[in-house]
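The following note concerns the pockets of the model shown below. Its numbered points take the pockets in turn.

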Amino acid sequence: KKDEEICVLESVKAAADVYSPLSGEIIEFNSELKDTPELINSEPYDKGWLFRIKITDTHELEDLLTAENYEKQISAETH
C-alpha cells in the first residue's frame, strides 16, 4: 500500500526505510543491486531502479511529483 515500508537500503554508515510511492503489487526487484548497489547513485534513472509496481489505484499517480517539481522542492529546502 502507498506509504508503507517496502524495503530498507543499508550502507556502511546508515540504514534508510523506503516507502512505497503507490499502492499495488511488487512484481519485480532489481537483483542487479545486490552486486552493484552503487547503481542507485550512478544510474538512478536507468539501471539503479529498486522495484516495479503493478499499480492498483491509478488516482494515486496524481499525488506524485514531476521531476521539475521535485527539483523545485529540494532547491527550496536547501536554500
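1. Strand β1 supplies the largest share of the lining of the second largest pocket, four residues. In this predicted model, local features require pLDDT of at least 70 and side-chain atom pairs pLDDT 80 or more, while totals for chains, interfaces and linings use all residues. Residues are numbered from 1 along each chain as its sequence is written, and side-chain values use heavy atoms, without hydrogens and water.

2. Two or more lining residues come from each of β1 (5–10) and α1 (39–42); helices (H or I, at least four residues) and strands (E, at least two) are DSSP runs.

3. By class, this second lining holds eight nonpolar, four polar and two charged residues. Ala, Val, Leu, Ile, Met, Phe, Trp, Tyr, Cys and Pro count as nonpolar, Asp, Glu, Lys and Arg as charged, and the others as polar.

4. The largest pocket has a volume of about 820 Å³. Among its 24 lining residues, P21, Y45, L64, L65 and Y70 are the closest to its centre. β2 (15–19), β4 (51–55) and α2 (67–78) each give two or more residues to this lining, and α2 gives the most, four.

5. The lining of the largest pocket contains 17 nonpolar, three polar and four charged residues.

Key:
1 Å grid on protein atoms, 1.4 Å probe; cavity = no way out; pocket = protein on both sides within 12 Å on 5 of 7 lines; lining within 4 Å. Points joined across faces, edges and corners; volume = space filled by probe spheres on them.
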